[in-house]
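Me: I have a model open and would like to learn how to read its features one by one. Could you walk me through it?

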Amino acid sequence: MERSWDEELPDCRYEQKQPSLIKPNSPAPNHILYLSNIDDQKFLRFSIKYIYLFQNSVAVDLLKSSLSKVLVDYYPLAGRLKPLHLAHEERDDDDEKLQVECNGEGAVFAEAYMDITAQHFLQLSHKPNKSWRKLLFRVDARTFVETPPLVVQVTQLQCGGMIMCIAINHCLCDGIGTSQFLHAWSHLITKSIDNHLPTPFHSRHLFKPRSPSSHLPPLLHPAFTKNHSNTGFSLNRYLQSQMLVPVSLTYTTSHTLHLKTQCEPSIKCTTFEVLASHTWRSWVKSLDLAPSLEVKLLFSMNIRNKVKPEIPKGYYGNGFVLACAKSTVQELVDSNLYYVVKLVQEAKSTLTDDCVNGIVELLEDKIVTTDLSASLIISQWSKLGLEDLNFGQGKPLHMGPLTSDIYCLFLPVIGDPNAIRVLVSLPKSVVSKFEYYMNDFLNTNSVEANGDHEKGNLLL
């Protein structure tokens, strides 16, 4: 039976005395962990929520005991965020510099049961809906700062399978760091012979601002803004005000190779570069924006090997910055794919060691925030090993985000390590146009629409 993506999930039935706190099973360092300016951006003040579907469940006591062991090494995840109050400043916690109090208070762990089978959920899994939030225990916290850095819920299923949801504080970990932590956890259960598991590197002082070479203030990188005016048109505000629905599109190696042939003249580019360029252009075209509007593509760039000295192996904090490509709507729509790929490549090439240091200095100013006003943000979850997690009963049937938002994710595809699933939420009225522009290149007889496909009203 074909199932609708927005089908309401049954309610979870929680075990008694839920949730529990899982503490490190032996004494861990007790101190304050400094968070870098990259960690502490307002843009990252949320928890990344991952969902895993497994055909067979793992004993909950085994998951809890192994989590307790891995938290000895990753002890900051068992701590709590704490604002750094400065005596001469009066600010809300949301505006304060954050740090981690490594106090071993523990990770939140909840156990539940849901009357659904793994195969039933798998049929719904390409597009998250709001009812999926039932699969993650809602912590009673007034603010983001009060929310524990690590929250886990294991939900047993009717068929003997399980769903595991993990919320991990983005100020402590990026995607690479999360994958490192999750594999360290699972390794304690599987005892697999793996010599590549790094020792976690905790210190964030590598991204402390260096002494500037001049007394001039750092240049404002195009990914950021100091303008917080609520006047004028904001594409971000418009999208957030709409009824959004998720769009999920999968592209195989043959699809992306075919997409590369659409670049004229030909250009050497990566799969990410061409698919990100194509997604940005399709997104802009589907929204029918004013031709003179400047739009941006912001995408995460791993800087672990770009800064000097290189970041030590095992660093699990935020080791990325946002690269920024920008263009007017007119130029983006009227140009070909080659032009957009070049913009993306140029954005990547600017992220030198000096540029990263400039961004770290820039973020000392808490007025500076990520420019979301007319930007598509792409975050790559593929190629991080997140989909290879195995707690002893096999790899997942599904892995992805718990929710979908206006941020675009490039997700791994279970069973095809080279494929990418594009997931983004859009107003319902433009979904069909976005899908049209995204997939039009697959028709070998097609000619680029260049904005001639059915248009709606300009968003002004």
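Reply: Gladly! Let's begin with contact, which means heavy atoms within 4.5 Å. Helices (H or I, at least four residues) and strands (E, at least two) are DSSP runs, numbered from the N terminus. Before the cases, note that this is a predicted model: local features need pLDDT of at least 70, side-chain atom pairs count only at pLDDT 80 or more, and totals for chains, interfaces and linings use all residues. Residues are numbered from 1 along each chain as its sequence is written, and side-chain values use heavy atoms, with hydrogens and water left out.

Me: Which residues of helix 6 and helix 10 meet?

Reply: From helix 6 come His 278, Thr 279, Ser 282, Trp 283, Lys 285 and Ser 286; their partners in helix 10 are Lys 433, Phe 434, Tyr 437 and Met 438. By class, this contact has four nonpolar, four polar and two charged residues. Here Ala, Val, Leu, Ile, Met, Phe, Trp, Tyr, Cys and Pro count as nonpolar, Asp, Glu, Lys and Arg as charged, and the others, Gly among them, as polar.

Me: At what angle do the axes of helix 6 and helix 10 cross?

Reply: Axes are lines fitted to C-alpha atoms, for helices over the stretch in contact, and angles run from 0 to 180 degrees between N-to-C directions. For helix 6 and helix 10 (residues 431-439), the axes cross at roughly 145 degrees and come within 8 Å.

Me: How do I read a sheet?

Reply: Start from pairing: two strands pair if DSSP finds at least two bridges between them. In this model, three strands form an open antiparallel sheet in the order 3-6-5. Strand 3 (31-34) and strand 5 (80-84) are its edges, each pairing on one side only. From one strand to the next, the twist averages 40 degrees. Five bridges join strand 5 to strand 6 (residues 97-102) in the antiparallel sense, and Leu 84 stands opposite Lys 97 in strand 6.

Me: Is Gln 180 buried or exposed?

Reply: Buried means under 20% relative accessible area, exposed over 50%, and partly exposed in between (1.4 Å probe, protein chains only). Gln 180 counts as buried because its relative accessible area is 12%. This residue lies in helix 3 (residues 175-190). Leaving aside residues up to four places away in sequence, Gln 180 touches Tyr 74, Pro 198, Pro 200, Gly 314, Tyr 315 and Tyr 316. A polar atom of the Gln 180 side chain lies 2.9 Å from the backbone oxygen of Gly 314.

Me: What should I look for in the backbone angles?

Reply: Look at omega and phi. The peptide bond from Gln 18 to Pro 19 is cis, with omega near -5 degrees, and Pro 19 sits in the loop between strand 1 (13-14) and strand 2 (20-22). Another cis bond runs from Glu 264 to Pro 265, with omega near -5 degrees; Pro 265 belongs to the loop between helix 5 (253-260) and helix 6 (271-287).

Me: And which phi values stand out?

Reply: Asp 288 has a positive phi near 50 degrees without being a glycine. Asp 288 is in the loop between helix 6 and strand 12 (294-302) and is buried, at a relative accessible area of 6%. Lys 383, also not a glycine, has a positive phi of about 70 degrees. Lys 383 is exposed, with a relative accessible area of 51%.

Me: How many helices and strands are in the protein chain?

Reply: The protein chain has 10 helices and 18 strands, and 52% of its 460 residues count as buried.

Key
Polar contact = N/O pair within 3.5 Å; in protein donor to acceptor, adjacent residues only side chain to side chain.
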